Protein chains: 2
Amino acid sequence: MSDGEFEVIDRYFSQIGWQNSSSLILGPGDDCAVLSVPADEQLCVSTDTLLETVHFPRDCAGAIVAQRCFAAAFSDLAAMGAMPLGFTVALTMTGVDHTWLSGFSETLSRLSIQYEIPLVGGNLANGPLSVTLTVMGTTPTGQAIYRHGAQVGDVVYVTGHPGCAGAGLRYLDQAADHYQSLIQAYTAPTPRIDIGIGLRGLATAGIDISDGLLADLGHIAARSQVCLQLEQDAIPLSDSLLQCAGPELAMQLALTAGDDYELCFTAALTTKTAIRQLAERSGIEITPIGRVVEGQGIGWSGEAPAIEMAGYQHFSS
Amino acid sequence: MSDGEFEVIDRYFSQIGWQNSSSLILGPGDDCAVLSVPADEQLCVSTDTLLETVHFPRDCAGAIVAQRCFAAAFSDLAAMGAMPLGFTVALTMTGVDHTWLSGFSETLSRLSIQYEIPLVGGNLANGPLSVTLTVMGTTPTGQAIYRHGAQVGDVVYVTGHPGCAGAGLRYLDQAADHYQSLIQAYTAPTPRIDIGIGLRGLATAGIDISDGLLADLGHIAARSQVCLQLEQDAIPLSDSLLQCAGPELAMQLALTAGDDYELCFTAALTTKTAIRQLAERSGIEITPIGRVVEGQGIGWSGEAPAIEMAGYQHFSS
């Protein structure tokens with residue numbers, strides 16, 4: 001990397017993003033960043049690595065990689081009901097690709113400002129393209145949403161329209177209009193931070209969809225020692241997804257693709273109105289897709305969809 | 001990676017390390033870990049990536065990589081005077097090398113227990129070998145040690161014997177006894193956590209040596225807008241280093257090698273006794289090597305050592 005580490009950091013990563021955080025006592029540039037944590041709040045922490053060819057295609061634009069890393073990392077905070085506090089970025093890349101770096105850093109900066117989350121530190125090293133984001137957030141003490149709290153009788157919900165991003169990845173090179181909302185779902189997923197915070201005190205268990213809806217609901221079922229019984233007809237398939245992929249592939253993607261970073265969660269039947277109001281406030285559909293019953297794993301009330309379960313394991317060989 | 005992500009995590013990374021942390025509310029396995037932060041303390045955060053062939057040699061044993069990553073990451077907390085709170089590990093590797101993984105996870109677990117710092121989360125992905133640690137720690141509000149606080153008249157100190165690890169890297173394949181302490185300095189560096197905490201209220205500025213003593217003191221000088229005037233004869237060269245490398249190379253390595261993770265810092269002359277006592281308590285030498293004067297950069301009182309300055313930029317091309 002002929003330009004040198006410090007020059008690249010100076011040019012693309014110093015003074016980017018949200019600069020007005022009252023929690024940021026000392027930003028990047030020292031051995032550590034220093035942050036204040038609100039009194040009576042607990043710290044939530046998650047780390048995620050996205051690698052070229054594994055988590056995004058070869059030659060994927062820096063702006064898209066930034067957007068996907070940001071969503072992947074912050075949707076973990078959203079799943080806990082956490083308010084973001086800050087994040088670090090560890091980037092490895094071979095050589096200095098100024099076009100890629102511009103797109104990546106400008107997009108990261110824009111998202112940092114949009115969500116008012118400061119970039120608090122980073123690392124740059126010379127190696128195959130990968131991005132590791134570590135995100136920190138806070139919840140009032142005792143109010144974090146875990147995977148293990150689902151109760152028999154709860155309703156199972158999902159936000160948005162899962163499967164759209166998975167379809168978008170398939171159709172990345174399609175130019176026709178009706179593919180664009182799917183491609184957008186892949187290239188610029190939205191972490192459901194506000195919904196996560198809104199679910200504090202409502203959701204009994206929650207997770208973000210990174211491995212696919214069924215796989216991730218399976219984690220809630222396993223941790224909560226319950227069965228999540230879903231209704232095939234209740235799975236929200238977007239019109240675009242149905243139009244582009246047809247009903248079978250649409251259902252397959254909605255249940256097994258892991259690229260949307262939507263949230264799925266369980267909540268008591270008594271909170272139905274509050275959840276409908278949360279959906280209205282956020283402008284994002286929140287759809288009941290089943291109930292929590294005794295047993296284990298994922299079940300279906302009525303006919304089970306005919307899908308391949310490859311999506312259960314997202315890790316590529 | 002045929003064994004799959006979850007199997008590898010289960011086998012090598014679940015339930016390892018320090019399990020008795022009173023700060024750890026929820027450990028790895030959910031979307032985030034949840035930690036409590038002591039009241040009236042601020043959070044310090046740093047992230048570091050180590051890559052094969054850039055930061056450690058090809059085919060370097062898992063145990064050595066773990067030890068070096070741990071020291072590199074926690075010495076950043078030490079430099080701030082922070083008490084460690086927890087850390088995350090993002091590992092990318094090609095295929096599943098069980099010997100490497102055993103050595104890596106057992107060593108990481110042992111260090112986590114030795115220093116009583118919980119592993120709070122991680123990520124595993126399929127790619128060229130690299131390890132990214134993100135570390136979190138706390139300092140009482142307002143007591144973090146920054147790079148920018150050096151004052152004219154302060155004394156400049158360094159812990160331990162810089163250059164030993166750099167020599168150890170050169171002599172990794174030497175079997176003779178007199179190389180072993182140097183090799184050990186490279187393969188198992190010690191983050192100076194206790195000394196860092198002991199320096200709260202004493203050090204006016206501090207940094208860990210990751211780019212080389214001169215380069216890192218240069219960061220203190222630049223941030224503090226002062227000159228650090230060093231004495232060549234005061235640089236502490238260990239007997240082993242002198243014996244193995246000879247005086248010229250020993251000085252070169254002590255000033256420019258960045259593999260020791262010692263601390264260098266500045267402190268007022270009036271704290272001399274307290275710093276001597278800290279050295280005695282910790283069993284680690286802390287050597288005065290110069291003074292802070294008006295000006296900028298690094299200066300020498302008396303003759304400047306004849307060294308090549310390549311070590312100023314540790315980033316490999």
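In this predicted model, B:Thr53 lies in the loop of chain B that runs between strand β3 (41–51) and helix α2. The backbone angle phi of B:Thr53 is near 75°, a positive value in a residue other than glycine.

Is B:Ala175 buried or exposed? Its relative accessibility is 71%, so B:Ala175 counts as exposed. From C-alpha to C-alpha, B:Ala175 and B:His55 are 23 Å apart in space, while 120 residues separate them in sequence.

From the loops we can turn to the helices. In chain B, helix α2 and helix α3 (residues 98–114) pack at an angle of about 35°, and their axes are 7 Å apart; the crossing of α2(B) and α3(B) is right-handed. The residues of α2(B) that make this contact include B:Gly62, B:Ala63 and B:Phe70, and among those of α3(B) are B:Trp100, B:Gly103 and B:Phe104. In chain A, helix α2 (residues 62–80) and α3(A) pack at an angle of about 35° with their axes 7 Å apart, and the crossing of α2(A) and α3(A) is right-handed. Here A:Gly62, A:Ala63 and A:Phe70 are among the residues of α2(A) that meet α3(A), where the partners include A:Trp100, A:Gly103 and A:Phe104.

The next step is to look inside. In soluble globular proteins, nonpolar side chains tend to be buried together. The largest nonpolar core of this model has 100 residues, and of these B:Phe87, B:Leu91 and B:Phe104 touch the most other members. Which helix gives the largest share of this core? That helix is α2 (residues 62–80) of chain B, which supplies twelve residues. The core also draws at least three residues from each of two domains of chain B, namely domain 1 (5–23 + 38–140) and domain 2 (155–300). If neighbours within four places in sequence are left aside, the contacts of B:Leu91 include B:Phe13, B:Trp100, B:Phe104, B:Leu124 and B:Val131. A second, separate core of 57 residues includes A:Phe56, A:Val65, A:Ala73 and A:Ala165.

Finally, we come to a sheet in chain B. Strands of a sheet pair through backbone hydrogen bonds, either parallel or antiparallel. Six strands of chain B form an open sheet with mixed pairing, in the order β8-β10-β7-β11-β9-β12. The edge strands are β8 (203–208) and β12 (297–300) of chain B, each of which pairs on one side only, and the twist averages 30° from one strand to the next. Within this sheet, β7 (residues 155–159) and β11 (residues 286–293) of chain B pair in the antiparallel sense over five bridges, and B:Val156 stands opposite B:Gly290 in β11(B). Helix α7 (residues 213–224) of chain B packs on the sheet, touching β7, β8, β9 (227–230), β10 (263–267), β11 and β12 of chain B, and the direction of this helix makes about 140° with that of β8(B).

Terms used:
Residues numbered from 1 in each chain as written. Chains lettered and ligands numbered in written order. Predicted model: local features only at pLDDT ≥ 70, side-chain atom pairs only at ≥ 80, totals over all residues. Heavy atoms only, no water. Pairing = 2+ DSSP bridges. Helix = DSSP H or I, 4+ residues; strand = E, 2+ residues; numbered from the N terminus. Axes fitted to C-alpha atoms, helices over the stretch in contact; angles between N-to-C directions. Contact = heavy atoms within 4.5 Å. Core = buried A, V, L, I, M, F, W, Y, C linked by side-chain atoms within 4.5 Å. Buried < 20%, exposed > 50% of the residue type's maximum accessible area, 1.4 Å probe, protein only. Domains from an automatic or database assignment. Left-handed = near helix turned anticlockwise from the far one by under 90°.
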